[in-house]
Amino acid sequence: MRIVGLLGYPLAKSLSPRMQNAAFAELDLDWSYALVPVREGHVEQAVAGLAELGFAGANVTIPHKRAVAALCDGALVGFMAATLTDAPGNQVARIRIDQHAAGPENRRDTYRRLYAALSGELVAVGAFEHAISVATDQDDVVRHLFELGFGIDQVKGLRRLTPIAASGVTTRPAGAEDIHDLLLLTAELTTFHAQPPMLRPALVELHEIGNGFQEALVEERRLLLVAEHDGRIAGLMQAGPDRNYRDTATIGLAAVTSAARSKGVGTALLAGVVEWAAAQGFHRCGVEWTSPNLLSDPFWRGHDFDPVRYKLTRLIDARVAWANADLSYRYFVPRA
Ligand SMILES: CC(C)(COP(=O)(O)OP(=O)(O)OC[C@H]1O[C@@H](n2cnc3c(N)ncnc32)[C@H](O)[C@@H]1OP(=O)(O)O)[C@@H](O)C(=O)NCCC(=O)NCCS
């Protein structure tokens with residue numbers, strides 16, 4: 001007999017053995033599917049033990065079924081884990097840059113099998129939008145994900161703090177009296193992202209963004225910079241310490257009102273951010289933009305932001321939920 005199984009914790013309620021063993025019986029295979037309760041932090045030990053015990057392979061699930069591992073002859077050859085966001089009505093599964101990897105051998109196949117296992121679990125809990133971050137120098141992984149139906153959605157870029165020539169536009173740190181205008185600009189930015197080819201509608205919490213602006217006014221390590229054009233606020237750029245990259249000041253919101261674009265306002269704001277970041281002791285500046293944004297993509301690349309990470313996304317047609325084994329497509333076959 002050959003044994004396969006499921007590693008995870010808790011497993012008491014898992015229906016996998018019943019399902020898998022029924023399938024083995026149906027196919028007349030002398031195989032058995034076992035539950036192997038393993039608490040967090042002990043997976044590596046357990047995987048090593050599996051080989052000793054003669055397991056042919058195993059699935060790994062961490063609480064809430066968000067992670068899978070690929071095994072070959074008892075050895076771990078890859079893993080993929082997803083974190084589910086709790087946005088109501090739209091569960092997004094995010095697979096961070098450090099939540100997936102595969103050994104060099106048969107990497108394409110490993111990624112395909114990992115995603116096959118994980119995507120089934122994600123759809124089962126209602127997550128139809130899948131996002132995965134990949135370092136731009138992992139061309140092969142990016143290609144494997146393209147071949148699984150993903151596309152590049154966001155680009156993260158970094159640049160050194162070499163000064164940018166000012167464009168004649170005046171910039172200054174924002175004050176409390178600017179918050180209302182900045183929220184109007186944020187609303188305009190959100191509408192802009194809903195236009196083609198981005199087509200990304202968003203319900204933004206302007207109240208929360210307003211609170212964030214207020215905090216940025218007083219926090220030393222954060223900057224809220226505004227630019228004026230014809231005596232009115234024409235643009236804003238927000239910056240603060242990056243969560244993932246060391247010594248990096250990252251630009252959050254960046255927007256120039258439509259009437260003032262292509263007049264050097266964005267460049268002046270960026271020049272101000274770069275100067276502030278250098279004075280604060282940061283070494284680099286970062287920004288993330290929507291890849292199909294025809295305005296920001298040339299703007300950031302033109303200003304020497306080097307792509308270091310892509311976020312790829314795949315949106316699954318939610319109607320797949322009813323295209324299950326209970327629906328027999330045989331009914332649609334025309335009669336002879
Ligand atoms: C992206 C955005 C902030 C740029 O601001 P802007 O005031 O239009 O920028 P500037 O006038 O300083 O520069 C724009 C021009 O710089 C170009 N550029 C590229 N490389 C450059 C360089 N090295 N130096 C100067 N300009 C460069 C841009 O492609 C663009 O060309 P254009 O002449 O066809 O307009 C602005 O277009 C905007 O708000 N867009 C909509 C919202 C948005 O996309 N926000 C960014 C979200 S990440």
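Two strands are taken to pair if DSSP finds at least two bridges between them, and on that basis the predicted model contains an open sheet of 10 strands with mixed pairing, in the order β6-β7-β9-β16-β10-β15-β14-β13-β12-β11. The edges of this sheet are formed by β6 (83–84) and β11 (171–173), each of which pairs on one side only. Helix α3 (residues 107–124) packs on the sheet, where it touches β7 (91–95) and β9 (127–135), and the direction of α3 makes about 140 degrees with that of β9. Within the sheet, strand β10 (residues 151–160) and strand β16 (residues 306–315) run antiparallel to one another and are paired over 7 bridges; Q154, for example, has K311 of β16 as its bridge partner.

The domain assignment of the protein divides the chain into domain 1 (1–63), domain 2 (78–154 + 307–336) and domain 3 (163–303). When the centres are taken over C-alpha atoms, domain 1 and domain 3 are separated by 50 Å.

In soluble globular proteins, nonpolar side chains tend to be buried together. The largest nonpolar core of the model has 72 residues, and those with the most contacts inside this core are M80, L225, L236, M237, L269, V273 and A277. Helix α7 (residues 265–279) gives the most to the core, with 9 residues. The surroundings of L236 illustrate the packing: leaving aside neighbours within four places in sequence, L236 is in contact with L182, L185, L224, L225, V226, L253 and A255.

Residue V265 lies in helix α7 and counts as buried because 25 C-beta neighbours are found inside 10 Å, the cut-off for a buried residue being 20 or more. Apart from neighbours within four places in sequence, the contacts of V265 are with V169, A227, H229, A234, G235, V256 and A260. The C-alpha atoms of V265 and E228 are separated by 8.1 Å, although these residues are 37 residues apart along the chain.

Most residues other than glycine have a negative phi, and most peptide bonds are trans.

The bond from Y9 to P10 is cis, with omega near -5 degrees, and P10 is located in the loop between β1 (2–8) and α1 (16–26). A cis peptide bond also joins P196 and P197, with omega about -5 degrees, and P197 has its place in the loop between α5 (179–193) and α6 (206–218).

How values were computed. Residues numbered from 1 in each chain as written. Predicted model: local features only at pLDDT ≥ 70, side-chain atom pairs only at ≥ 80, totals over all residues. Core = buried A, V, L, I, M, F, W, Y, C linked by C-beta atoms within 7 Å. Buried ≥ 20, exposed ≤ 12 C-beta atoms within 10 Å, placed from the backbone. Helix = DSSP H or I, 4+ residues; strand = E, 2+ residues; numbered from the N terminus. Contact = placed C-beta atoms within 7 Å. Axes fitted to C-alpha atoms, helices over the stretch in contact; angles between N-to-C directions. Domains from an automatic or database assignment.
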